[in-house]
Amino acid sequence: MKQKETLLTTPLKEEKMELSHLIIEEMGDEHKASSVETPLRNDAFDKTDDEKVAAIEPHFKAIMEILGLDLNDDSLKGTPLRVAKMYVKELFQGLNPANMPSMTLFENKFQYNEMLVEKNINFYTNCEHHFVPFFGKAHVAYISSGKVIGLSKLNRLVEYFSKRPQVQERLTMQIGKALQTIMQTQDVAVMMDAKHLCVSSRGVKDDSSNTITSFFGGQFQDEKVKLQFLKYIEIND
Ligand SMILES: [Zn+2]
């Protein structure tokens with residue numbers, strides 16, 4: 001049952017180039033803000049991560065001081081640096097295309113041409129309007145066009161796009177479109193079901209509502225295929 005691993009770096013060099021080009025173009029320096037792309041400035045990656053941490057720290061400290069907090073307190077002293085590090089190196093690490101996980105494809109040797117669904121992928125991200133978390137489950141599916149991908153890569157792709165300030169609609173579309181590029185097929189579906197802390201813990205304080213967003217490409221726009229996908233993600237929920 002050993003599959004031949006086709007690393008995008010070696011035999012499929014051209015595809016790799018094309019892929020990174022597409023993805024960098026989608027998110028990178030030249031891009032124009034649109035609803036699908038994360039709005040980034042042209043100088044987004046001029047600073048190193050460490051320079052960003054050093055630059056954010058005093059700003060966060062200022063916010064805390066303006067709120068009236070005493071930064072001499074042992075418990076609060078380290079917070080500005082901790083927050084700065086967390087923003088740059090964890091929560092928003094996916095802003096930088098350099099942190100895109102490598103995507104290993106395999107030959108579809110078994111000729112499995114049915115839908116593959118990876119469901120209940122946990123994700124945590126942050127609302128770009130309030131900088132508080134929203135989180136939930138992502139369900140990702142594709143129909144192979146000749147290549148298959150390691151299942152954990154689907155989780156990693158969801159995680160990568162989650163590590164940005166996000167809106168759920170954009171997050172859903174970014175995962176869908178990236179997967180279409182990676183898998184070289186339009187036949188991709190993504191559904192995300194999330195709780196937004198900016199809705200449940202503040203504002204209208206509704207903690208029972210969930211937000212569901214979806215992306216259906218290629219064959220998944222066909223009602224029958226779409227229903228099959230929806231049926232799969234319902235099982236044992
Ligand atoms: Zn919000």
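1. Strands S3 and S4 are joined in the antiparallel sense over 10 bridges, where helices (H or I, at least four residues) and strands (E, at least two) are DSSP runs numbered from the N terminus, and two strands count as paired if DSSP finds at least two bridges between them. Within this pairing, Phe-123 has Gly-136 in S4 as its bridge partner. The two strands form a hairpin with five residues between them, and Phe-131 in the turn has a positive phi of about 55°.

2. A word on the basis of these remarks. The model is predicted, so that local features need pLDDT of at least 70 and side-chain atom pairs count only at pLDDT 80 or more, while totals for chains, interfaces and linings use all residues. Residues are numbered from 1 along each chain as its sequence is written.

3. On the S6 side, S3 (residues 115-127) pairs with S6 in the parallel sense over two bridges, and Cys-127 stands opposite Gln-166 in S6.

4. S7 in turn pairs with S8 in the antiparallel sense over six bridges, with Ser-214 in S8 as the bridge partner of Met-191. S7 is mostly covered, seven of its nine residues being buried, where buried requires 20 or more other C-beta atoms within 10 Å of the residue's own, exposed 12 or fewer, and partly exposed a count in between, with C-beta atoms placed from the backbone.

5. Axes are lines fitted to C-alpha atoms, for helices over the stretch in contact, and angles run from 0 to 180 degrees between N-to-C directions.

6. H5 also packs against helix H6 (residues 168-183), at an angle of about 135° and with the axes 10 Å apart. The two helices are therefore oblique to each other, given that angles under 35 degrees count as roughly parallel, over 145 as roughly antiparallel, 65 to 115 as roughly perpendicular and the rest as oblique. Leu-157, Val-158, Phe-161 and Ser-162 in H5 meet Leu-171, Gln-174, Ile-175, Ala-178 and Leu-179 in H6. The residues of this contact divide into seven nonpolar, two polar and no charged; Ala, Val, Leu, Ile, Met, Phe, Trp, Tyr, Cys and Pro count as nonpolar, Asp, Glu, Lys and Arg as charged, and the others, Gly among them, as polar.

7. Phe-161, found in H5, deserves a separate comment. Phe-161 is buried because 24 other C-beta atoms lie within 10 Å. Not counting residues up to four places away in sequence, Phe-161 touches Gly-94, Leu-171, Gln-174 and Ile-175. Phe-161 and Thr-125 are 36 residues apart in sequence but 8.5 Å apart in space, C-alpha to C-alpha.

Key
Contact = placed C-beta atoms within 7 Å.
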